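Work through the exercises below with the sequence and the model side by side. Try each task before you read its solution.

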Amino acid sequence: MTVRLQVRPMLLALPLILTGCSSMSHMSMPSVSWSSFNPLNWFGSSLTVSDKGVGEITASTPLTEEAIKDALDGDYTLRSGMSMSNGKMLSFYQAMSDKEVKMSISGAPKGSVERVDVVDAKVESEWGVKIGTPFSDLYTKAFDVCVKGEGDDAQNIECKAPQSTHVSYVFSGIWHGPDSLMPADDSLKDWKVSKIIWRADPAAATAQ
């Protein structure tokens with residue numbers, strides 16, 4: 001008799017439990033973005049150089065401190081300046097981090113961004129090229145691809161990116177030949193990327 005009294009309440013409660021489970025099956029569960037659990041996404045993604053620009057910096061980005069700071073997500077401290085290039089006045093902003101220049105963004109005063117020079121080792125191209133990438137990883141020869149650098153890059157060479165007319169790579173290394181000559185391909189294979197350049201106008205690269 002005692003056993004029957006204990007079992008009966010359980011039998012009465014069972015339909016209520018099943019009803020509750022049935023109701024819960026119709027409740028919509030909140031959506032979960034599993035990518036949010038990926039530790040790589042907790043710190044945001046670094047800038048990438050692409051055919052369109054550097055990060056959010058493109059040919060339509062105004063050359064103003066506010067626009068550039070927004071495009072760089074405030075990750076750098078900016079300082080501005082003016083310079084001359086081929087007889088043309090240029091306005092530029094240097095993106096600083098740890099008191100070092102990591103990037104230079106330039107163009108005509110009161111215009112849009114025309115060029116970005118990247119020396120930040122944390123920034124790479126969308127094709128996986130970054131500061132320190134060897135010449136031999138990208139090219140077998142310099143002919144019809146590379147030219148001697150100018151200005152601060154006079155001791156270096158600049159080569160067009162295989163995938164983009166807007167992007168080029170500056171390589172630095174050891175060369176014992178005349179400064180006026182392009183280093184031999186055998187010497188260039190050990191040279192490494194020291195700068196990534198993006199230009200809004202690809203023709204500007206061939207005009208140097």
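**Exercise 1. Determine the handedness of the disulfide of C146 and C159, and describe where its two cysteines lie.**

Step 1. In this predicted model, a disulfide is counted when two cysteine sulfur atoms lie within 2.5 Å, and C146 and C159 meet that rule with an S to S distance of 2.0 Å. A disulfide is a covalent bond between the sulfur atoms of two cysteines.

Step 2. The torsion about the S-S bond of C146 and C159 is about 105°, so the disulfide is right-handed.

Step 3. C146 belongs to strand 9 and C159 to strand 10 (residues 157-160), so that the pair links distant parts of the chain, 13 residues apart; strands are DSSP runs of E with at least two residues, and helices are runs of H or I with at least four, each numbered from the N terminus.

Step 4. A residue is buried under 20% relative accessible area, exposed over 50% and partly exposed in between, as found with a 1.4 Å probe and protein chains only. C146 has a relative accessibility of 9% and therefore counts as buried, and C159, at 1%, is buried as well.

Before going on, note how the model is read: residues are numbered from 1 along each chain as its sequence is written, and side-chain values use heavy atoms, with hydrogens and water left out.

**Exercise 2. Which residues form one aromatic cluster, and how are their rings arranged?**

Step 1. Rings of Phe, Tyr and Trp (its six-membered ring) pair if their centres lie within 6.5 Å, and planes under 30 degrees apart count as stacked, over 60 as edge-to-face and the rest as tilted. The structure holds 3 aromatic pairs.

Step 2. For F135 and F171 the ring centres are 5.2 Å apart and the planes stand at 75°, so this pair is edge-to-face. F135 lies in the loop between strand 8 (124-125) and strand 9 (146-148), whereas F171 lies in strand 11 (residues 167-172), so the pair ties together parts that are 36 residues apart in sequence.

Step 3. For Y139 and F171 the centres are 6.0 Å apart and the planes at 80°, so this pair is edge-to-face too.

Step 4. F135, Y139 and F171 form one aromatic cluster. F135 is buried at 1% relative accessibility, F171 is buried at 0%, and Y139 counts as buried at 8%.

**Exercise 3. Examine the salt bridges of K195 with D153 and of E158 with R199.**

Step 1. A salt bridge needs a side-chain nitrogen of Lys or Arg within 4 Å of a carboxyl oxygen of Asp or Glu, and the structure holds 8 of them.

Step 2. The closest N and O atoms of K195 and D153 are 2.9 Å apart. K195 lies in strand 12 (residues 192-199) and D153 in the loop between strand 9 and strand 10, so the bridge ties together parts 42 residues apart in sequence. Both K195 and D153 are buried.

Step 3. In E158 and R199 the closest N and O atoms are 2.7 Å apart. E158 is in strand 10 and R199 in strand 12, so parts 41 residues apart in sequence are tied together, and E158 and R199 are both buried.

Step 4. Through shared partners, salt bridges join R115, D117, D153 and K195 into one network.

Notes:
Predicted model: local features only at pLDDT ≥ 70, side-chain atom pairs only at ≥ 80, totals over all residues.
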